[in-house]
Structures are given as structure tokens and as C-alpha cells.
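Let's take a walk through this one, pockets to begin with and then a helix. Keep the viewer open as you read.

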Amino acid sequence: ASLGVSGGSTPYPLYKALQGYFLDWSQITLVEIDERLVAPDSSEYNWNKIYNSLGSIPEQVHNLCTFDTTHSLDSYYLCQSMEQCIPETLSVAVLGLGEDGHFASIFPHTDVDQGYVMSTSAPSEYRTQKRLTLTPSYILSAEKLILVARGAKKKRALDILLNREATEEEFPALRLLHHPRLEIHYLDD
């Protein structure tokens, strides 16, 4: 099996909850879905937060695929390395929902590559613009998607999504509604 995990603030309670389940993590490939193009010691580095939320799980997995910026910040190299590591498809992908409708690092009006991994940019209001992400086509090939929205600010984004009040270009998370096994969860703060 394989589990895709996203960064951002929304999914961390779910990752902490996974620690309470007895699973044979040695049989699971853990895949980081998106990352900010920063050094690992940056407070913006998603993997550190994901890793801490998962507790001892990352040490138990059979295969770990992350955007490891320890030795390089070259986006082409990191995308190539990730593409060689990831499985053909994900069993489950956990995604957060941004207030602007982004998921992973697929922001409004992003030109989307057709491969599996791509570099992208966040809008200027985000602290870190340069990003790495799995592509929407790869994410949508997962057997199951779990979208998590958390807090009052994300409630409006969830309403836009569920009421389809925008286009997919303006609100990328609308693409997720095409998936036959999408679960949407709202967590109150």
C-alpha cells in the first residue's frame, strides 16, 4: 500500500491520530505530496512538520519518498528524484484545502504539467513561493482521496467547493470532485 501525505496546517491532527492505529507500516510506502523549496532547517519545510506529526511511523515504513532538500535546492533534480521514488499510484492521498482553493501546491491559475511531479509557484501573498508537488493527474490516480478542511477560514473554501461556485482554474480543488472515492472531512477548531 502507499499513503500520500500533504503539508500545510490542515492535515496534522489526522497524522497524529494515525499513531494510534496498529498497521504494518513496513508494508506501506509513504509519499510526501508537496513541499516548499527551502532548506530542511527552515520553519517553512513541510516534511519536518509532517514527520513530527507522524511520530515513529516514518522510521517503520518500507519506502519513504520525500522532496529531500538536504543536499540540493535544484527543483529539476528534486522532481526527477521524486519521480523515480514514487509508486505507480497511491492507495490513499491525504490533502488539505487552502482558503484560495489550492490543494497540494496547485494554486489558482497554475499551469499544470502532465507528468507525475512538477515545480510550481505560490501567489505572492505566501511566505514561500517556490514549491514542488505531485501533479493533479497523479494525485487523482490514487485509489482514494481524503480532503481535510479545518477551521472557520476554511469553511468558506469548503462551501465554494461543495457549491461549485468557481471554475477549476480559479479554485483548483474542484478537480477533486471528479474522483469517485473522495472523502471530505471538516474539522472544527
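What volume does the largest pocket have? It comes to about 330 Å³. A pocket here is an open set of points on a 1 Å grid over the protein atoms alone, where a 1.4 Å probe fits, with protein on both sides within 12 Å along at least five of seven lines. The volume is the space filled by probe spheres set on the points, which are joined across faces, edges and corners. Bear in mind that this is a predicted model: local features need pLDDT of at least 70, side-chain atom pairs count only at pLDDT 80 or more, and totals for chains, interfaces and linings use all residues. Residues are numbered from 1 along each chain as its sequence is written, and side-chain values use heavy atoms, with hydrogens and water left out.

The lining of the largest pocket has 21 residues (each with an atom within 4 Å of a point), and Gly8, Ser9, Arg36, His102 and Tyr126 lie nearest the centre. Sorted by class, that lining holds five nonpolar, nine polar and seven charged residues. Asp, Glu, Lys and Arg count as charged, Ala, Val, Leu, Ile, Met, Phe, Trp, Tyr, Cys and Pro as nonpolar, and the others, Gly among them, as polar.

Now for the second largest pocket, at about 220 Å³. Its 14 lining residues include Leu3, Leu18, Val92, Val94 and Ile146, which lie nearest its centre. By class, 10 are nonpolar, two polar and two charged.

Last stop: just after H2 (residues 46-54; helices are DSSP runs of H or I, at least four residues, numbered from the N terminus), Gly55 takes a positive phi of about 65 degrees.

Key: Buried < 20%, exposed > 50% of the residue type's maximum accessible area, 1.4 Å probe, protein only. Helix = DSSP H or I, 4+ residues; strand = E, 2+ residues; numbered from the N terminus.
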